[in-house]
Amino acid sequence: MNAVRTTCPYCGVGCGLIATAQPDGTVTVAADPHHPANLGRICVKGAALGETLGLEGRQLHPQLHGERVSWDRALDYAGQRLRAIIHEHGPQAVAFYASGQLLTEDYYAANKLMKGFIGAANIDTNSRLCMSSAVVGYKRAFGADAVPCSYRDLEQTDLIMLVGSNAAWTHPVLYQRIVQAKQDNPALKVVVIDPRRTATCDIADLHLRLRPGSDAGLYNGLLRAIAEHQPIAAASFSGQLDALAQAEAWTPEKVAQFCDLSRDVVTEFYHLFCTAPRAMTLYTMGINQSTSGSDKCNAIINVHLASGKTGRIGSGPFSLTGQPNAMGGREVGGLANQLACHMNFVPEDIARLARFWGSDRIAATPGLMAVELFDAIGRGEIKAVWIMGTNPAVSLPDSERVNRVLAACPLVIVSEVSAGTDTSRHAHVRFPAQAWGEKNGTVTNSERRISRQRPFMPVPGEARPDWWIVARVAGALGYGDAFAWQHPHEVFCEHAALSGYENDGQRAFDISGLATLSREAYDSLAPIQWPVNAAHPQGCERLLSDGRGWGRDARLRMVPVTPRLPHSADQPGLVLNTGRYRDQWHTMTRTGTVPRLMQHNPLPRVEMHPEDARRYGVEDSALVRLVTPRGEMTGFARLTRDQAPGTLFAPMHWNHQFASRSGVNSLVAAHCDPLSGQPESKQTAVSLAVW
Ligand code: SF4
C-alpha cells in the first residue's frame with residue numbers, strides 16, 4: 001500500500017492528509033500527525049475524501065459545442081477564437097474567472113497569460129466572494145496583504161474572538177484546536193460575535209448576538225474603550241488621530257443601540273479585551289461579505305494596533321480563508337486589482353514584470369472584479385470568458401442573471417473536473433481538468449503555510465493539469481516560449497524567483513528561498529510559512545514583530561471607520577443570511593455524493609425564529625419559498641431560537657440539481673463593497689411565503 005502525504009482540497013485550514021491506496025482499489029484518507037496545520041486532526045469532510053474519488057460525472061475529454069474532440073482540436077479552436085476576439089475588440093474583451101480550488105502553479109500560469117501576455121487584467125476569482133475585503137483591510141493597515149498570525153497562536157493566547165465565523169462547521173480543525181486550547185488552559189476566554197447562535201457558541205464564554213452587519217460599530221466602541229483604558233502613544237500609527245476621533249462618539253450606550261445589544265454585554269466584552277494580555281480576532285465571511293466589509297476589517301485591525309495586540313505571540317487580527325488556495329491566488333496576483341507577487345499597477349512594478357517575463361504587453365490598469373466582470377459580459381464588452389474550476393452560474397449573486405449573460409456570451413471556455421455543472425452548460429469549449437488526488441502542486445492556507453498537494457491516483461481519460469492547459473492555450477496564442485514548462489516544479493520555481501525579483505523588502509510575499517529547489521526537493525517540500533528568503537530561510541511564523549509594515553514608508557496605519565448598516569437594513573421583509581453546513585462543501589459536487597455526509601443535514605433548511613414562523617403561519621418542516629426581485633428558492637422550515645427574530649438562514653449548497661428550484665444565490669443582490677468588490681451575501685432582504 002502506497003501512502004502519500006498531501007493537503008486537503010476543501011477549506012483554508014489546509015490540513016495535511018495521508019492518502020493510502022488499498023489493494024481493493026479504494027483509498028483511505030487519514031490526518032497527517034506531522035502537518036503543523038492540523039497535528040493529526042481531521043474533520044468529517046476530510047475523512048470522507050476517499051469516498052469522493054469515483055469517476056461518475058467527470059469531464060474526461062475535451063469537448064467543442066458538446067461534441068468530444070481531440071486536445072489539439074480544442075486548443076486550436078480556443079486559440080483561434082481568442083486571437084480573433086483580441087484582434088477585433090482588443091485584450092479588454094477577454095476575461096478569466098478562476099478559483100481558490102486551483103493550485104498555485106495553475107493560478108500563476110493563468111495570471112501570467114492574462115496580465116503578462118494578453119495584456120489586460122481581467123482575471124478575477126471566486127475568492128473575490130470569500131476574502132477580498134480582508135485583503136483590502138490588510139493592505140490599508142500594513143501596506144501588504146500579509147496575515148500576521150499563525151495557528152500556533154491559538155494555543156498561546158488569553159482571548160479568542162470569533163467574528164462572523166461558525167468555525168465549528170466551516171473551519172472544524174481550527175475549532176478543535178481552540179477546544180483543546182481551552183481544555184488545556186481554562187483561563188482562555190472565547191467570545192463569539194454573530195447574529196446567530198451557532199455550534200461555535202458551545203465553547204463561548206460570551207456570545208454577542210448583534211444586529212446583522214453592525215460589527216464596525218462594536219469595534220469602533222472597543223477602540224474608544226482601549227484609548228480610555230490605556231492612552232495610546234501619540235502618532236504611533238499613521239491615521240491614528242482620525243481613527244480615534246471617529247471612534248470617540250462610539251460610547252457603550254451608542255454601541256448598544258446600534259448593535260442591538262445590552263450595554264452590560266458591550267462593556268463586559270470591552271473589559272475582557274482591554275484586560276487580556278494577549279488577544280486574537282478570527283474573522284471570515286460574516287465580516288467580509290458586506291458592502292462595508294473592508295471597513296469592518298480595518299475596524300478590527302485598528303483595535304489590535306491600538307492595544308499593541310498584534311505582531312506578538314498569541315495576538316493579532318487573523319482572517320480565515322474559505323478555500324484551500326485562496327491565499328495562493330492572492331500571492332500570484334489572481335485578483336483583478338493586483339499584479340503578481342504583491343506587485344501593484346504602478347510604473348515600477350509594471351516595468352519589473354516586463355523585464356522578468358520578457359513581455360511588452362503587461363496590463364497597465366486594474367481589471368474587472370467578479371461582479372463587474374459578469375456585468376461587462378452582459379453589456380457585450382467582454383466577448384470571451386474562460387472559467388476555471390468554479391461554478392459562477394450558481395455561486396455568484398443574482399445567479400439567474402449570470403446564467404443569462406453566460407448564455408449570450410460569444411465564447412465561453414470552461415476548465416472543469418465535473419461534466420454537468422450549471423456553468424459548463426454554457427460552455428462552447430470544455431477542457432477536462434485533473435482533480436484532487438491526480439494533480440500535483442502547492443496550496444497556501446490561512447496562516448501563509450505553503451503545502452504540497454501530491455498525486456496518488458491514476459489520471460483518468462484525457463484530464464490535464466490546469467497549468468498545462470493554460471500553457472497550451474498560450475502556445476496557441478503565439479506565446480509558447482514563455483510557457484514552456486514541463487512540470488509544476490518549473491512553474492513553482494519561476495513564481496518563487498519572481499517573488500524575490502528586485503524585491504527590496506517592500507513586498508511582503510517573498511519565497512525566493514525556494515526558487516532554486518531541485519525537483520526532488522520540490523517533491524518532498526515540507527509545509528512552510530512565507531516569507532522564505534535570506535532573512536527567513538526556514539519560513540516565518542509571525543509577521544509585524546518589528547512594528548513595521550511594507551510599502552514605501554512601512555508605517556502601520558489605522559483607518560478611520562464610519563460604521564454603515566447593510567442595504568437590507570432599510571428594506572422591508574426578513575434578512576437572509578447564507579452559509580455552510582458542517583458536512584458539505586460549495587455546491588456539493590463532491591460531498592453530495594457521499595451518503596454519510598448527506599445524513600447530517602439532508603435537506604435545505606430555512607431556519608427561522610418561532611415568532612416569525614407564527615407571524616407568517618409557518619410550521620416546522622413546512623415547505624417555504626424565499627423570494628426577491630431576482631429569484632426564488634425553496635426549502636424546508638426549521639424553527640429555532642438560535643435564529644434572531646427578523647432573520648433567516650439558508651445553506652448555500654443546493655442548486656438546480658437538488659431539491660430547490662434555484663440556488664440561494666439567485667436571491668442575493670449584487671451589492672458590493674466599493675473597495676473590495678465583495679458582494680453582500682450575508683444580509684439580503686427577502687419575502688417569505690408558504691407553499
Ligand atoms: Fe479539510 Fe478543512 Fe476539514 Fe481540515 S478542517 S480536513 S482542511 S475540510
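This is a predicted model: local features need pLDDT of at least 70, side-chain atom pairs count only at pLDDT 80 or more; totals for chains, interfaces and linings use all residues.
Residues are numbered from 1 along each chain as its sequence is written.

Start with strand 11, residues 279–283. Strands here are DSSP E runs of at least two residues, and helices are H or I runs of at least four, numbered from the N terminus. Is strand 11 enclosed or open? 5 of its 5 residues are buried, so strand 11 is largely enclosed by the rest of the structure. Buried means 20 or more other C-beta atoms, placed from the backbone, within 10 Å of the residue's own. A279, T281 and Y283 cover one side. M280 and L282 cover the other.

Now its partners. Strands pair if DSSP finds at least two bridges between them. Strand 8 runs parallel to strand 11, with 5 bridges. L159 faces A279 there. Strand 12 is parallel too, over 4 bridges. There, Y283 stands opposite S319.

Next, the largest nonpolar core. That is a set of buried Ala, Val, Leu, Ile, Met, Phe, Trp, Tyr and Cys residues joined through C-beta atoms within 7 Å. This core has 209 residues, and A110, I160, L373 and V385 touch the most other members. Helix 4 gives the largest share, 9 residues.

Last, the domains. An automatic or database assignment sets their bounds. Domain 2 is 63–127 + 324–481, and domain 4 is 567–690. Their C-alpha centres lie 30 Å apart.

Notes. A residue is buried if 20 or more other C-beta atoms lie within 10 Å of its own, exposed if 12 or fewer, and partly exposed in between; C-beta atoms are placed from the backbone.
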